[in-house]
Amino acid sequence: MCTRCEPLPPSAALAFRASAWQPRRAFLLAAAGAVLTGPALAQVNVGNASMVRNLVPADRIEAAGVQQYGQLLEKARAKGALAGDGNAQLQRLRTIANRLIPFATPWNTRARQWKWEVNLIGSKQINAFCMPGGKIAFFTGILEQLKLSDDEVAMVMGHEMAHALREHARARLAKSAGTGAALSIGAQLLGLGQMGDLAARAGTQLLTLKFSRGDETEADLVGLELAARAGYDPQASVSLWKKMAAASKNQGGLSFLSTHPSGPDRIQQLEANLPKVEKLYREAKRG
């Protein structure tokens, strides 16, 4: 103890300890809140992921995705349509992915184990996807025909990543086996092993799965936040879907829109959520 300081009276010492604890207590409570809320720290509101998906083993659907992705790349390679590592457009895609991926785990802890991969396939198709397990592919058509900016590419990529993170394919496959009580009873009778076989057999459907309106909304909003946190302009989500709508009218329908329906409601919902992520974008740009 300092010999030049007189000891405090018991009551004063207690008051001092209490006052000294206040800022520390506030800090600890804030930190605890951050830990406890986890994904709830999200600025967009999409609720909890579907519990039905748990009836299909995640590792099986991810393995099916990896297998189908590999087959698709082999076919593209055989046709000379798979971009090499030195391709400028592919490098651009991978740079954008490297900025988005660090923000994926709060939406799905399994993403920490995924071996993320990004490839570019030469095709006039306006299309892109992310398989379960983090396997991303873009077709040159979506980049060239829509003349996407980096911000717009990030919105497409974030949207596709969100489908994988929210496990929409897994949920859709589970629902295909039945609904409600029938699904629960069926799972008990069949056992998870046979549900896993269902996932493996359905793997060939992953590229053509049509998601529900709710799935699409979730993917839009989660993708919007992923991109904003990575420093990509949220306004690009609106310009992207306007380009999609225009291209659909000009070309009489797009393969991308066959599984990702567009419309004014979609744009309005994105516009309504822009204020929620603008601060994330500004902070990312400053950082």
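## Aromatic cluster

Rings of Phe, Tyr and Trp (its six-membered ring) pair if their centres lie within 6.5 Å; planes under 30 degrees apart count as stacked, over 60 as edge-to-face and the rest as tilted. In this predicted model, local features need pLDDT of at least 70, side-chain atom pairs count only at pLDDT 80 or more, and totals for chains, interfaces and linings use all residues. By the ring rule, there are three aromatic pairs. Tyr69 and Phe129 make an edge-to-face pair, with 6.3 Å centre to centre and 85° between the planes. Tyr69 belongs to helix α2 and Phe129 to strand β2, so this pair links distant parts of the chain, 60 residues apart. Helices (H or I, at least four residues) and strands (E, at least two) are DSSP runs, numbered from the N terminus.

Tyr69 has 2% relative accessibility and therefore counts as buried. Buried means under 20% relative accessible area, exposed over 50%, partly exposed in between (1.4 Å probe, protein chains only). Phe129 counts as buried because its relative accessibility is 8%. Phe129 also pairs with Phe139: the ring centres are 6.4 Å apart and the planes stand at 55°, so this pair is tilted. Phe129 is in strand β2 and Phe139 in strand β3, so the pair ties together parts 10 residues apart in sequence. Phe139 is buried too, with a relative accessible area of 8%. Tyr69, Phe129 and Phe139 form one aromatic cluster.

Strand β2 covers residues 128-131. Ala128 and Cys130 point one way from β2, Phe129 and Met131 the other way. All four are buried.

Strand β3 covers residues 135-139 and runs antiparallel to β2, joined by four bridges. Two strands pair if DSSP finds at least two bridges between them. Ala128 stands opposite Phe138 in β3. The two strands form a hairpin with three residues between them. In the turn, Gly133 has a positive phi of about 100°.

## Ala42 in its loop

Where is Ala42 placed? Ala42 is in the loop between α1 (10-37) and α2 (58-78). Ala42 counts as buried because its relative accessibility is 18%.

Contact means heavy atoms within 4.5 Å. Leaving aside neighbours within four places in sequence, Ala42 is in contact with Trp107, Glu225 and Arg229. Val277 is 235 residues from Ala42 along the chain, yet 9.2 Å separates their C-alpha atoms.

## Charges over rings

A charge sits over a ring if NZ of Lys or CZ of Arg is within 6 Å of the ring centre and within 35 degrees of the ring normal. The charged end of Arg99 sits over the Tyr232 ring, 3.9 Å from its centre. Over the ring of Trp241 sits the charged end of Arg266, 3.9 Å from the ring centre.

## The whole chain

The protein has 11 helices and three strands. From the N terminus on, the elements run α-α-α-β-β-β-α-α-α-α-α-α-α-α. Of its 287 residues, 46% count as buried. Among contacts with a separation of 6 or more, 77% come from residues 24 or more positions apart.

The protein exposes about 15200 Å², and carbon and sulfur atoms supply 55% of that area. Accessible areas come from the Shrake-Rupley method with a 1.4 Å probe; for residues, only the protein chains shown count as cover. Residues are numbered from 1 along each chain as its sequence is written, and side-chain values use heavy atoms, with hydrogens and water left out.
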